[in-house]
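The structure comes first, then the details.

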Amino acid sequence: MSLKLFFEAIIKFVLGVLIVALLLFLPANTINYWNGWLFMGLLFIPMFIVGIIMMIKDPNLLKNRLNVKEKESEQKEVVVLSGLMFLVGFIIAGLNYKYNWIVLPNIIIIISSVIFILSYILYAEVLRENAFLARTVEVQKNQKVIDTGLYGIVRHPMYTATIFLFLSMPLILGSIISFIIFLIYPFIIAKRIKNEEEVLEKELKGYLEYKNKVKYKIIPFIW
């Protein structure tokens, strides 16, 4: 582990906390937005723990996860669309709290929190299974096809986890309007997967055979 990687990880983590806090609490016009605090705890505490584990056990994986510079033009569009989704969704959630537009019952917030935690566990398991899992679409040196564990069930278990993670976020924040905005995410992921699989088929040895073996992309028997 290098000091450069350590400071890069810490800086990006702190910036992430500050940006999310600003996007939630400024529109809410109060720091007493308890849904916002709940969401930030559920998001950033596991993120910090997973980051520490990667920093100690697999710095290379952490380095891959910190790199967000896409080479594929289609993936750059995906990053922009995802960023806009989060930006608008979080701001609307804060405004929803401020103006009391639609109040969700606590049971929905609790169930959504449980789904979020379970999805994060799934996310962590995918990271454990695939040391080549980067944030960007590219084939790394010595990369090989992973076809065991969750990858033996669906080809993109990371996206399975993120769909449940992201769709539970606006409900934890108490905003059904934000949830409607976040429903764009599966379509964004579909666009990402299409381009990603084109790259993997061309550049990753054995991926076409793997694709023929594991039929489903994200959800068994459905997609």
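Ala, Val, Leu, Ile, Met, Phe, Trp, Tyr, Cys and Pro count as nonpolar, Asp, Glu, Lys and Arg as charged, and the others, Gly among them, as polar. By that scheme, the lining of the second largest pocket holds seven nonpolar, no polar and three charged residues. The model is predicted.

Two elements, α2 (34-57) and α5 (106-129), each give two or more residues to its lining. Helix α2 supplies the largest share, four residues. Lys57, Asp58 and Arg128 are among the lining residues, as are Val50, Ile53 and Met54.

The whole structure contains nine salt bridges.

| Salt bridge | Closest N to O distance |
|---|---|
| Lysine 12 with glutamate 8 | 3.5 Å |
| Glutamate 197 with lysine 211 | 3.6 Å |

Glutamate 201 is partly exposed, at 33% relative accessibility. Lysine 211 is partly exposed too, at 25%. Glutamate 197, in contrast, is buried, with a relative accessible area of 4%. A network of salt bridges links Arg155, Glu197, Glu201 and Lys211.

The pair of lysine 12 and glutamate 8 sits within helix α1 (residues 3-28). The two residues are four apart, about one turn of the helix. Lysine 12 is partly exposed at 35% relative accessible area, and glutamate 8 is partly exposed at 30%.

How values were computed: Residues are numbered from 1 along each chain as its sequence is written. This is a predicted model: local features need pLDDT of at least 70, side-chain atom pairs count only at pLDDT 80 or more; totals for chains, interfaces and linings use all residues. Side-chain values use heavy atoms; hydrogens and water are left out. On a 1 Å grid over the protein atoms alone, a cavity is a set of points where a 1.4 Å probe fits but cannot get out, and a pocket is an open set with protein on both sides within 12 Å along at least five of seven lines; lining residues have an atom within 4 Å of a point. A salt bridge is a side-chain nitrogen of Lys or Arg within 4 Å of a carboxyl oxygen of Asp or Glu. Buried means under 20% relative accessible area, exposed over 50%, partly exposed in between (1.4 Å probe, protein chains only).
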